[in-house]
Amino acid sequence: DPFTLSIVFLPLYGLYELSAFFVKKAPKEEDEENEKRQRLAASVFASSYEGIVIADEQYRIIDVNPAFTRITGYLRKEAIGQPALRLLYSGKGEQQLDENIRLHLQKMSFWRREVQNRRKDGEEFSEMLSVTAVRDTDGKLSNYIAVFSDISQLKKQESEIHRISYHDTLTGLPNRRLLLDR
(Lines give C-alpha, C1' and ligand atoms only; values in the text may rest on other atoms or scores of the structure.)
Protein backbone atom coordinates (compact mmCIF):
# COMPACT_ATOMS: atom_id res chain seq x y z
CA ASP A 1 0.00 0.00 0.00
CA PRO A 2 1.66 3.32 -1.09
CA PHE A 3 2.31 5.92 1.59
CA THR A 4 4.52 8.91 2.35
CA LEU A 5 6.96 8.62 5.21
CA SER A 6 7.45 11.69 7.43
CA ILE A 7 10.08 11.77 10.13
CA VAL A 8 9.55 14.26 12.95
CA PHE A 9 12.44 15.22 15.26
CA LEU A 10 11.48 16.36 18.75
CA PRO A 11 14.04 17.42 21.34
CA LEU A 12 13.18 16.15 24.82
CA TYR A 13 14.45 17.99 27.87
CA GLY A 14 15.06 16.55 31.29
CA LEU A 15 18.07 15.63 33.32
CA TYR A 16 19.83 14.79 30.09
CA GLU A 17 19.22 16.26 26.66
CA LEU A 18 17.59 13.55 24.61
CA SER A 19 16.12 13.40 21.17
CA ALA A 20 13.22 11.37 19.91
CA PHE A 21 12.22 10.41 16.40
CA PHE A 22 8.67 9.56 15.46
CA VAL A 23 7.69 8.09 12.15
CA LYS A 24 4.32 9.02 10.76
CA LYS A 25 2.78 7.31 7.78
CA ALA A 26 0.58 9.53 5.66
CA PRO A 27 -1.83 7.57 3.50
CA LYS A 28 -1.78 8.30 -0.21
CA GLU A 29 -5.32 9.71 -0.01
CA GLU A 30 -4.17 12.29 2.58
CA ASP A 31 -1.32 13.35 0.27
CA GLU A 32 -3.73 13.67 -2.64
CA GLU A 33 -6.10 15.78 -0.51
CA ASN A 34 -3.22 18.04 0.54
CA GLU A 35 -2.16 18.47 -3.10
CA LYS A 36 -5.75 19.27 -4.05
CA ARG A 37 -5.94 21.97 -1.34
CA GLN A 38 -2.61 23.43 -2.48
CA ARG A 39 -3.80 23.59 -6.10
CA LEU A 40 -7.02 25.27 -5.00
CA ALA A 41 -5.13 27.84 -2.91
CA ALA A 42 -2.82 28.57 -5.85
CA SER A 43 -5.85 28.95 -8.12
CA VAL A 44 -7.51 31.41 -5.71
CA PHE A 45 -4.27 33.41 -5.47
CA ALA A 46 -3.85 33.56 -9.26
CA SER A 47 -7.47 34.28 -10.18
CA SER A 48 -8.53 36.68 -7.43
CA TYR A 49 -9.77 40.06 -8.65
CA GLU A 50 -8.25 41.71 -5.57
CA GLY A 51 -4.54 42.39 -5.44
CA ILE A 52 -2.70 40.04 -3.10
CA VAL A 53 0.79 40.55 -1.71
CA ILE A 54 2.72 38.02 0.37
CA ALA A 55 5.55 39.50 2.41
CA ASP A 56 8.11 38.03 4.80
CA GLU A 57 8.43 39.00 8.46
CA GLN A 58 10.56 42.02 7.42
CA TYR A 59 7.74 43.31 5.17
CA ARG A 60 9.68 42.44 1.97
CA ILE A 61 7.51 41.21 -0.89
CA ILE A 62 8.01 37.54 -1.76
CA ASP A 63 5.08 37.16 -4.18
CA VAL A 64 2.20 39.06 -5.79
CA ASN A 65 -0.76 37.88 -7.84
CA PRO A 66 -1.73 39.02 -11.37
CA ALA A 67 -4.37 41.42 -9.98
CA PHE A 68 -1.58 43.30 -8.17
CA THR A 69 0.04 43.96 -11.56
CA ARG A 70 -3.28 44.91 -13.17
CA ILE A 71 -4.11 47.39 -10.41
CA THR A 72 -0.69 48.94 -9.70
CA GLY A 73 1.15 48.50 -13.00
CA TYR A 74 4.17 46.95 -11.24
CA LEU A 75 5.34 43.66 -12.70
CA ARG A 76 5.89 40.72 -10.35
CA LYS A 77 9.65 40.85 -10.88
CA GLU A 78 9.67 44.59 -10.03
CA ALA A 79 7.73 44.03 -6.80
CA ILE A 80 9.59 41.04 -5.35
CA GLY A 81 12.10 42.12 -2.73
CA GLN A 82 10.60 45.60 -2.35
CA PRO A 83 9.23 46.88 0.98
CA ALA A 84 5.55 45.89 0.87
CA LEU A 85 4.25 48.90 2.74
CA ARG A 86 5.84 51.27 0.19
CA LEU A 87 4.04 49.62 -2.75
CA LEU A 88 0.71 49.20 -0.97
CA TYR A 89 0.04 52.86 -0.34
CA SER A 90 1.52 56.27 -0.91
CA GLY A 91 0.59 59.73 0.19
CA LYS A 92 0.98 62.07 3.11
CA GLY A 93 2.07 60.71 6.46
CA GLU A 94 3.62 57.50 5.08
CA GLN A 95 6.05 57.07 7.96
CA GLN A 96 3.33 57.58 10.56
CA LEU A 97 1.06 55.14 8.70
CA ASP A 98 3.91 52.58 8.59
CA GLU A 99 4.21 52.78 12.38
CA ASN A 100 0.43 52.62 12.82
CA ILE A 101 0.22 49.47 10.70
CA ARG A 102 3.17 47.77 12.39
CA LEU A 103 1.90 48.51 15.92
CA HIS A 104 -1.62 47.39 15.10
CA LEU A 105 -0.36 44.16 13.50
CA GLN A 106 1.72 43.39 16.60
CA LYS A 107 -1.32 43.82 18.85
CA MET A 108 -4.18 42.54 16.72
CA SER A 109 -2.57 40.61 13.80
CA PHE A 110 -4.94 42.47 11.44
CA TRP A 111 -5.21 45.98 9.99
CA ARG A 112 -7.72 47.42 7.50
CA ARG A 113 -8.21 50.90 6.14
CA GLU A 114 -8.90 52.98 3.07
CA VAL A 115 -5.63 54.48 1.79
CA GLN A 116 -4.35 56.46 -1.17
CA ASN A 117 -1.88 54.79 -3.50
CA ARG A 118 -0.04 55.61 -6.67
CA ARG A 119 0.25 53.38 -9.71
CA LYS A 120 3.58 52.85 -11.40
CA ASP A 121 2.65 55.55 -13.96
CA GLY A 122 2.06 58.07 -11.13
CA GLU A 123 -1.75 58.05 -11.22
CA GLU A 124 -3.27 58.22 -7.75
CA PHE A 125 -6.07 55.88 -6.74
CA SER A 126 -8.03 54.91 -3.64
CA GLU A 127 -7.80 51.40 -2.28
CA MET A 128 -9.23 49.38 0.57
CA LEU A 129 -6.23 47.64 2.11
CA SER A 130 -6.26 44.74 4.60
CA VAL A 131 -3.06 43.36 6.10
CA THR A 132 -2.95 40.17 8.16
CA ALA A 133 -0.05 38.77 10.16
CA VAL A 134 0.40 35.02 9.59
CA ARG A 135 1.86 32.91 12.36
CA ASP A 136 3.26 29.39 12.29
CA THR A 137 2.09 26.56 14.54
CA ASP A 138 4.37 27.84 17.32
CA GLY A 139 2.82 31.32 17.15
CA LYS A 140 5.93 32.84 15.59
CA LEU A 141 5.35 35.46 12.90
CA SER A 142 6.11 34.03 9.48
CA ASN A 143 4.47 36.25 6.86
CA TYR A 144 2.13 39.11 6.11
CA ILE A 145 -0.70 38.85 3.62
CA ALA A 146 -2.07 42.06 2.13
CA VAL A 147 -5.27 42.12 0.09
CA PHE A 148 -6.46 45.29 -1.61
CA SER A 149 -9.13 46.53 -3.99
CA ASP A 150 -9.13 49.60 -6.20
CA ILE A 151 -12.13 51.61 -4.98
CA SER A 152 -11.54 54.67 -7.19
CA GLN A 153 -14.83 54.24 -9.05
CA LEU A 154 -16.75 53.97 -5.78
CA LYS A 155 -15.09 57.15 -4.50
CA LYS A 156 -16.00 59.00 -7.72
CA GLN A 157 -19.61 57.85 -7.44
CA GLU A 158 -19.70 58.87 -3.78
CA SER A 159 -18.39 62.31 -4.69
CA GLU A 160 -20.96 62.68 -7.46
CA ILE A 161 -23.81 61.71 -5.13
CA HIS A 162 -22.58 64.27 -2.61
CA ARG A 163 -22.38 66.96 -5.31
CA ILE A 164 -25.88 66.16 -6.59
CA SER A 165 -27.26 66.21 -3.04
CA TYR A 166 -26.01 69.71 -2.31
CA HIS A 167 -26.06 71.43 -5.71
CA ASP A 168 -28.69 72.08 -8.32
CA THR A 169 -28.15 69.69 -11.23
CA LEU A 170 -29.14 72.28 -13.84
CA THR A 171 -27.23 75.34 -12.60
CA GLY A 172 -24.59 73.76 -10.35
CA LEU A 173 -25.42 76.35 -7.66
CA PRO A 174 -25.69 75.36 -3.97
CA ASN A 175 -29.18 74.17 -3.10
CA ARG A 176 -31.35 74.65 -0.05
CA ARG A 177 -30.04 71.46 1.61
CA LEU A 178 -26.46 72.75 1.53
CA LEU A 179 -27.53 76.06 3.03
CA LEU A 180 -29.52 74.34 5.80
CA ASP A 181 -26.61 71.99 6.63
CA ARG A 182 -24.28 74.93 7.17
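Predicted model: local features only at pLDDT ≥ 70, side-chain atom pairs only at ≥ 80, totals over all residues.
Local features need pLDDT of at least 70 and side-chain atom pairs count only at pLDDT 80 or more, totals for chains, interfaces and linings use all residues, and side-chain values use heavy atoms, with hydrogens and water left out.

Start with the whole protein, coloured by secondary structure. There are seven helices and seven strands, in the order β-β-α-β-β-α-α-α-α-β-β-β-α-α. Helices (H or I, at least four residues) and strands (E, at least two) are DSSP runs, numbered from the N terminus.

Switch to the surface. The accessible area (Shrake-Rupley method, 1.4 Å probe) is about 13,100 Å², and carbon and sulfur atoms hold 54% of that. Of the 182 residues, 26% are buried, meaning under 20% relative accessible area; exposed means over 50%, and partly exposed lies in between (1.4 Å probe, protein chains only).

Next, select V53, W111 and L129. Within the largest nonpolar core, of 24 residues, these touch the most other members. Such a core is a set of buried Ala, Val, Leu, Ile, Met, Phe, Trp, Tyr and Cys residues joined through side-chain atoms within 4.5 Å. Elements giving two or more residues to this core include β3 (51-56), α5 (94-108) and β6 (124-135).

Centre on W111. Leaving out residues up to four places away in sequence, its contacts include L97, I101, H104 and L129; contact means heavy atoms within 4.5 Å.

Finish at L154, in helix α6 (residues 152-166). L154 counts as exposed because its relative accessibility is 54%.

How values were computed:
Residues numbered from 1 in each chain as written.
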